[in-house]
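User: I would like to learn how to read helix packing and pockets in a model. Can we work through some cases?

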Amino acid sequence: MKQTLYLKFLLGYLVFGILGFILVSTVTNYGLRNQIEAVEARNLYTECTEIASQYAKNYYNGSMELTDLHSHLETISHYLNTKIKVIDTSGRVIIDSANSAAYDSNGDIFIDGFDINDFGSKYYMMNRFYDTFTENHLTVFAPITPGYRVRGYVLIHKPIADIYAYSYEMLNVVYLTLLFIFLLAFVILFLFSLLIYRPIRKITSVADAYIDGDFSQKMNIHTHDELGHLAAVFDYMANELNTLEDDQRKFVSNVSHDFRSPLTSIKGYIEAILDGTIPYEMQDKYLNIILFETERLNKLTSSLLELNKFGSHGKTILYMKSFDINYIIRMTALTFEGICSEKHISIELILSGQNLYVTADMAKIQQVIYNLTDNAIKFSYPDSSITIETTEKNDKVFVSVKDSGIGIPNDSLKKIWERFYKTDVSRGKDKRGTGLGLAIVKEIIQAHDENINVISTEGVGTEFIFTLSLSKEL
Ligand code: ATP
Ligand code: MG
């Protein structure tokens with residue numbers, strides 16, 4: 001299928017060549033011959049009338065001898081490369097430039113069947129002239145009219161082959177021109193292949209790759225014409241589809257990550273309530289945590305629906321409002337209580353003031369604290385302590401999550417923000433992790449135009465600090 005366009009053009013080119021050749025060898029050849037015949041006949045007719053009025057008439061007047069006339073006609077026939085005859089009205093040959101016997105025999109030679117009316121309305125004919133020639137001749141006649149009476153005729157014969165030889169020469173020139181046009185068309189075909197066909201083939205092959213889902217291929221056609229434009233449109237479209245697919249994949253993994261932690265803690269507390277690990281009088285406290293987590297899931301679901309509605313194109317949409325960051329930290333710490341008691345880890349909160357209002361997307365910041373605390377617990381040694389601290393400075397709030405765990409190796413410090421990155425050390429410790437937590441944290445903080453930093457010493461501990469904007473309304 002890919003070859004068709006080129007084949008079509010090649011076929012068109014060949015048809016053009018063959019038709020051109022046929023046209024020249026028929027129509028042009030025919031027209032050219034007719035034209036040359038007519039011109040030749042006219043020229044010979046002029047000569048013929050000249051001979052009739054100048055020489056033959058003088059012979060009939062008696063002012064010129066037959067021999068003189070013969071020698072004159074011989075010279076002229078030589079010059080014109082023709083045969084000249086003088087005949088009387090009955091067809092008797094008086095002089096034949098090609099045959100001196102004509103007049104010597106004094107009228108023995110007749111043109112059998114000669115009739116001047118055979119010329120019709122024309123002054124020339126094309127045939128073997130009453131079989132006097134073995135091949136066709138162009139014969140032109142002019143009457144000899146001394147004293148206004150037709151006494152005879154001057155005839156000039158020229159072999160048609162001579163006339164056609166000239167037409168062949170002309171035709172050769174036409175053939176040569178045709179060949180030149182044909183070659184020129186080939187150059188145009190070559191240019192077409194270079195400038196149009198190749199880009200089109202490139203576009204179709206890359207489009208085929210797009211069909212197979214490979215959007216990484218580029219057209220690389222940078223011309224300022226329609227094809228260049230088409231290729232650019234294709235490139236743009238592929239890029240859009242590519243990022244769309246990436247966005248979708250990212251979106252699904254982020255969502256799964258966000259849902260996992262609340263579901264895990266809800267499950268843990270319900271199990272603990274059911275099997276009596278949490279005594280009846282303490283159940284209210286844990287049911288509240290479950291409620292808090294359920295609300296969080298609820299909010300997550302609503303924001304997912306929102307995202308679906310608008311097609312955010314991978315951008316994080318923020319719902320900014322003023323809220324108490326200290327409260328969120330307290331509640332988040334509570335949700336980890338179960339796992340903390342399992343690992344004998346304590347969470348120490350050093351919060352600035354009772355309430356500390358910041359302006360941000362609450363659910364998303366809650367996710368940040370969640371992910372950081374989750375990591376701190378995950379990578380802490382048992383019987384250690386984690387500190388979550390808030391500090392107010394100018395119009396910023398600094399939130400720090402600090403652990404005394406395994407720490408992060410120096411060469412991994414930059415990579416921890418990458419999606420799906422996990423250090424080799426931690427892989428052994430936590431096989432469940434996807435390596436998405438910090439990537440989501442970074443995304444959220446960047447969407448808020450805030451900063452996040454990490455300080456870590458391997459074997460000693462890690463501290464994550466991020467900023468938030470202090471709420472101005474309160
Ligand atoms: P997930 O969060 O998706 O469950 P994860 O915790 O392994 O998986 P991230 O939260 O993105 O993924 O963390 C990336 C890596 O950074 C971790 O695998 C770990 O190697 C390292 N890391 C993150 N936080 C700490 C920490 N507090 N102490 C030591 N290493 C950490
Ligand atoms: Mg994590």
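User: At what angle do α5 and helix α11 pack, and how far apart are their axes?

Analyst: Two packed helices are described by the angle between their axes and the distance between the axes. In this predicted model, α5 and helix α11 (residues 437-447) pack at about 105°, and their axes are 10 Å apart. That angle makes α5 roughly perpendicular to α11.

User: Which residues make the contact?

Analyst: From α5 come K250, N254, H257 and D258, and from α11 come G437, I440 and E443. An α-helix has 3.6 residues a turn, so residues three or four places apart point the same way. By class, the residues of this contact are one nonpolar, three polar and three charged.

User: What span should the 49 residues of α5 have?

Analyst: At 1.5 Å a residue, α5 should span 72 Å; its end C-alpha atoms are 71 Å apart, which agrees. After α5 comes G276, with a positive phi near 85°.

User: What is the volume of the second largest pocket?

Analyst: Rolling a probe the size of a water molecule over the atoms shows where empty space is left. Here the second largest pocket has a volume of about 740 Å³. It is lined by 30 residues, of which T264, S265, G338, I339 and E342 are the closest to its centre.

User: Which helix gives the most to that lining?

Analyst: α5 does, with nine residues. α5 (226-274), α8 (337-343) and α9 (362-378) each supply at least two residues. By class, the lining has 10 nonpolar, 10 polar and 10 charged residues.

Terms used. Residues are numbered from 1 along each chain as its sequence is written. Chains are lettered from A and ligands numbered from 1 in the order in which they are written. This is a predicted model: local features need pLDDT of at least 70, side-chain atom pairs count only at pLDDT 80 or more; totals for chains, interfaces and linings use all residues. Side-chain values use heavy atoms; hydrogens and water are left out. On a 1 Å grid over the protein atoms alone, a cavity is a set of points where a 1.4 Å probe fits but cannot get out, and a pocket is an open set with protein on both sides within 12 Å along at least five of seven lines; lining residues have an atom within 4 Å of a point. Grid points are joined across faces, edges and corners, and a volume is the space filled by probe spheres set on the points. Helices (H or I, at least four residues) and strands (E, at least two) are DSSP runs, numbered from the N terminus. Ala, Val, Leu, Ile, Met, Phe, Trp, Tyr, Cys and Pro count as nonpolar, Asp, Glu, Lys and Arg as charged, and the others, Gly among them, as polar. Axes are lines fitted to C-alpha atoms, for helices over the stretch in contact, and angles run from 0 to 180 degrees between N-to-C directions. Angles under 35 degrees count as roughly parallel, over 145 as roughly antiparallel, 65 to 115 as roughly perpendicular and the rest as oblique. Contact means heavy atoms within 4.5 Å. The expected span of a helix is 1.5 Å times one less than its number of residues.
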